[in-house]
Amino acid sequence: MTNNIIIGCGEVGSRLAQQLCERGESVQGVVRSAASVARLAAAEIPSIQHDLLTDDAPAPALITTGTQLFHFAPPLESGVIDLHTQNLLQLFTRTGQPQRIVYISTTGVYGDCQGAWIDETHPVQPQADRSRRRWDAEQRLQQWRETTGGEVVILRVAGIYDPQRLPLARLQQSIPLVRAEEAPYTNRIHVDDLVTVCLAAMERGVNGAVYNVCDGHPSTMTDYFLAVADAAGLPHPPLLPLSEAMEQLSAGMRSYMAESRRLSNRKLREELGVEFRYPDLAAGLRKISVG
């Protein structure tokens, strides 16, 4: 039986682990803290505690030789190098080389596309450091593939939404938004569909391939917020011209506002044969209790 290891077994990893367990497959979640070990134990998910940043020696139970490894550990919040991926690849020299890695990256590696429709052939031009860290990880993993003969599938994931990832607090505070006609395009994927994609990528993804993971129905950021407000029964916040709204946004939100792109998921659908449970935002919000 092939062992599945999930590095960074948080929300997405836990949902994935539960599906693997239900299928009768072997799975281990790798997490940093004792609290996360307890969280996974409560969900009856086997786990190993290991911090890629600070632990010099791997836990004896961490054996990655020939495994199917899902790399979900996010980079640190500063710099342009992903130390977690760098250290993980070094760890393999002691724990063994996995058979295949599925890595969650970000569509942010494309940078600002000025609202154009793009696919996986579009040049990578990360603008924000958070995206540069993901691009660094992608390059390291592809180099590992070429050096060791192991297999890698890269998932460039759009904004993930679910009941815990909706901007309800912002809407409840009636924080202004940019007028829709000036707002950037954004892309998204429901967390349950992301788990489905991760499984398909491990089973059927082309070695070395990159896939855009999104529902294929982008909208402006403002339209997204307004759709969530309607689903939650909340009033629409004020809508302001871009120049005026930018003065009231956090630095993080301003960086997101600086990028606009519409992503095709054709390659994902055709090569992986994935059918979404939530093919667009309206379907996803109908299934979510946000009131």
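## A loop residue with positive phi

In this predicted model, Q114 is placed in the loop that connects β5 (100–106) with β6 (117–118). The residue is not a glycine, yet its phi is positive, at about 55°. Most residues other than glycine have a negative phi. Q114 counts as exposed, because its relative accessibility is 72%.

S174 also belongs in this section. The residue has a positive phi of about 55° although it is not a glycine. Its location is the loop between α5 (168–172) and β9 (177–178). With a relative accessibility of 36%, S174 counts as partly exposed.

How many residues of β5 are buried? The number is seven of the seven, so the strand is largely enclosed by the rest of the structure. The two faces of β5 can be listed separately.

Strand β4 (residues 68–71) is joined to β5 by four bridges, and the two strands run parallel. Within this pairing, F70 stands opposite V102 in β5. The chain passes from β4 through α3 to β5, forming a β-α-β crossover that is right-handed. β5 is also joined to β7 by seven bridges, again in a parallel arrangement. Here S105 stands opposite R156 in β7.

## From β7 to β12

Strand β7 (residues 151–157) pairs with β12 as well, in the parallel sense and over four bridges. In this pairing, I154 stands opposite V210 in β12.

Strand β12 covers residues 210–213. V210 and N212 point one way from the strand, whereas Y211 and V213 point the other way. Are these four residues buried or exposed? All of them are buried.

Which residues make the nonpolar surface patch of about 290 Å²? The patch is made by L53, V80, I81 and L83. One of these residues, L83, is placed in helix α3, which comprises residues 83–95. L83 counts as partly exposed, because its relative accessibility is 31%. The helix that contains L83 is the one through which the chain crosses from β4 to β5.

A disulfide is a covalent bond between the sulfur atoms of two cysteines. A search of the whole structure finds zero disulfides. C21 is partly exposed, with a relative accessible area of 31%.

C113 is likewise in no disulfide, and the nearest cysteine sulfur, that of C214, lies 12 Å away. C113 has a relative accessible area of 8% and is therefore buried.

Technical notes:
Residues are numbered from 1 along each chain as its sequence is written. This is a predicted model: local features need pLDDT of at least 70, side-chain atom pairs count only at pLDDT 80 or more; totals for chains, interfaces and linings use all residues. Side-chain values use heavy atoms; hydrogens and water are left out. Buried means under 20% relative accessible area, exposed over 50%, partly exposed in between (1.4 Å probe, protein chains only). Patches are made of residues with over 30% relative accessible area and no salt bridge: like charges are joined within 9 Å, nonpolar side chains (Val, Leu, Ile, Met, Phe, Trp, Tyr) within 5 Å. Accessible areas come from the Shrake-Rupley method with a 1.4 Å probe; for residues, only the protein chains shown count as cover. A salt bridge is a side-chain nitrogen of Lys or Arg within 4 Å of a carboxyl oxygen of Asp or Glu. A disulfide is a pair of cysteine sulfur atoms within 2.5 Å. Two strands pair if DSSP finds at least two bridges between them. A crossover is right-handed if, with the strands pointing away from the viewer, the path from the first strand over the helix to the second runs clockwise.
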